[in-house]
Amino acid sequence: MRKLAVVLLALAMVLSCGVLSACNKTPAQKEDILVWAADEVVAFTQTKCDEFLAANPDLAKKFTITVSAMSEGEAATQMITDVEAGADVFAFAQDQLGRLVQAGALSELGGTFLTDAKANNDAGSVAAATMGDKMYAYPLTSDNGYFLFYDKSVVTDPSTLDGILTQCETAGKKFYMENQSGWYLVSFFFGAGCHYTTTADNQGNIVAVDCDFNSAGGLGAFKALIAMAQSKGFQRSDKFSDQFNPDGGQAGAAISGTWDAATIKGFLGDKYGVAKLPTMTVNGQQVQMGAWGGFKLMGVNPTQSEEALTASHKLAAYLTGGDVQLARYGVKGWGPSNKTAQQDPTVQADQALAALQAQLAYSPAQPQCSAKYWDKMAAFGTEVNAGTYKASTDAQLQTVLDELVAYLKADVVTQ
């Protein structure tokens with residue numbers, strides 16, 4: 001294993017001296033801190049790690065830092081395979097927090113590391129890094145979620161879903177949403193006050209599911225979904241950014257994220273509009289549509305020497321600090337979780353990030369979800385769009401929801 005190899009190498013150097021006095025002539029072997037970062041930010045991260053060492057000469061005498069490519073989606077799987085052989089500092093997607101904690105792959109934050117991380121980052125990202133009353137990671141970004149894009153010449157009032165659908169229909173345009181995905185479908189159920197959470201073991205297996213999509217609110221959300229699907233102003237699509245093209249495009253509004261912002265803004269120009277998701281009608285009342293918030297986090301491997309562990313925490317705190325988050329935004333456009341960085345004029349001028357931040361107030365962090373969840377919710381949305389339930393009674397719709405929830409709750413590992 002990598003850490004063991006460092007120790008053995010140092011021991012070999014001592015033994016090769018022959019006599020103890022000769023060892024004084026041999027330079028001390030530095031310990032390497034391995035950092036995993038997404039491929040697109042490896043070079044950026046290495047530069048910042050070098051700056052960190054330059055600013056901390058005491059650590060530079062004892063440690064080197066190597067940055068290797070590892071996507072946030074794959075980091076957890078690689079870590080739990082062999083924690084000791086994994087990276088010392090690594091970025092990961094927040095829905096992997098539970099399995100990493102269960103595997104003992106995250107060093108809990110304490111002292112000033114904890115107080116600073118809590119004080120300096122937005123509430124959503126702090127919650128995403130927390131289990132129970134313990135914080136296990138440093139917030140890195142607050143930018144993975146969805147919100148509303150709209151053409152201001154079509155939609156003059158983006159506040160309600162009913163109004164958006166009507167305005168699009170009147171203009172001969174469409175409101176686009178991917179409602180055959182479990183990621184987007186929760187916007188209706190969460191808006192109606194429902195929840196979906198999971199608990200995973202250290203192998204990444206879902207061992208508990210808590211879901212109440214079959215509540216009274218859930219029934220109202222189901223009916224709102226059906227009404228949207230039947231509207232002449234609605235069009236389901238998972239690829240629609242080109243539909244904002246004024247040369248033949250059909251989009252008047254759409255739900256998407258920052259990844260589509262540049263394309264849509266390029267098409268709309270002065271007509272470019274963004275906002276949090278609208279309200280929707282549930283059981284005769286207007287309620288705010290919800291969403292799943294997505295965050296990137298940075299963790300520290302606890303299987304290090306005490307000195308290396310402290311150095312790794314210092315490094316993680318630095319790489320997720322406000323200055324580095326702002327620099328990362330400038331280079332790659334990643335939305336900061338640091339509250340001071342969020343107030344920077346360049347970030348404030350980013351209309352898409354502003355809309356996302358407004359929506360994140362209504363967006364719990366996404367938990368780990370299984371393939372069965374995604375497949376079942378996709379099938380559910382497909383049936384809604386096909387008109388399967390448009391003539392169903394409330395009792396029939398309730399049965400559908402009861403069966404859906406029973407299926408989702410059964411998606412656990414049996415011992």
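A cavity here is a set of points, on a 1 Å grid over the protein atoms alone, where a 1.4 Å probe fits but cannot get out, and lining residues have an atom within 4 Å of a point. Grid points are joined across faces, edges and corners, and a volume is the space filled by probe spheres set on the points. By this rule, with 30 Å³ or more as the threshold, the count is 1 cavity. The volume of the largest cavity comes out at about 50 Å³. Its lining consists of A37, A38, V41, T45, E72, A91, L140, M298, R328 and W334. Sorted by class, that makes 7 nonpolar, 1 polar and 2 charged residues, where Ala, Val, Leu, Ile, Met, Phe, Trp, Tyr, Cys and Pro count as nonpolar, Asp, Glu, Lys and Arg as charged, and the others, Gly among them, as polar.

A word on the model itself. It is predicted, so local features need pLDDT of at least 70 and side-chain atom pairs count only at pLDDT 80 or more, while totals for chains, interfaces and linings use all residues. Residues are numbered from 1 along each chain as its sequence is written, and side-chain values use heavy atoms, with hydrogens and water left out.

Overall, the protein chain has 18 helices and 16 strands; these are DSSP runs numbered from the N terminus, helices being H or I of at least four residues and strands E of at least two. Along the principal axes, the C-alpha atoms fill a box of roughly 90 × 55 × 35 Å. Of the 415 residues in the chain, 50% are buried (under 20% relative accessible area, with exposed meaning over 50% and partly exposed in between; 1.4 Å probe, protein chains only). Among contacts (heavy atoms within 4.5 Å) with a separation of 6 or more, 75% come from residues 24 or more positions apart.

Back to open space, now the pockets. A pocket is an open set with protein on both sides within 12 Å along at least five of seven lines. The largest pocket has a volume of about 470 Å³. It is lined by 24 residues, and T130, T198, A365, Q366 and P367 are the closest to its centre. At least two lining residues each come from α5 (97-102), α7 (123-128), β4 (130-131) and β9 (196-200), and β9 gives the most, with 5. The lining splits into 12 nonpolar, 10 polar and 2 charged residues.

For the second largest pocket, the volume is about 340 Å³. Here 20 residues form the lining, with T258, W259, A261, G333 and D350 closest to the centre. Helices α11 (261-268) and α16 (351-360) are the elements that give two or more residues. By class, this lining holds 9 nonpolar, 4 polar and 7 charged residues.

Turning to the sheets, two strands are taken to pair if DSSP finds at least two bridges between them.

Helix α4 (residues 72-81) has E72, A75, A76, M79 and I80 buried. These residues cover an arc of only 110° around the axis, so they sit on the same side of α4; the arc is that of the directions from the helix axis to the C-beta atoms. The buried residues of α4 pack against β1 (31-37), β3 (89-93), α5 and β16 (296-300). E72 also turns up in the lining of the largest cavity.

Strand β7 (residues 147-151) is largely enclosed by the rest of the structure, because 5 of its 5 residues are buried. It pairs with β12 (residues 251-256) in the antiparallel sense over 4 bridges, and another 4 bridges join it, again antiparallel, to β13 (residues 272-275). L148 stands opposite I255 in β12 and opposite A275 in β13.

D201, in the loop between β9 and β10 (206-211), counts as buried because its relative accessibility is 15%. Leaving out residues up to four places away in sequence, D201 touches R99, Q102 and V207. N283 lies in the loop between β14 (279-282) and β15 (285-288), and has a positive phi of about 55° although it is not a glycine.
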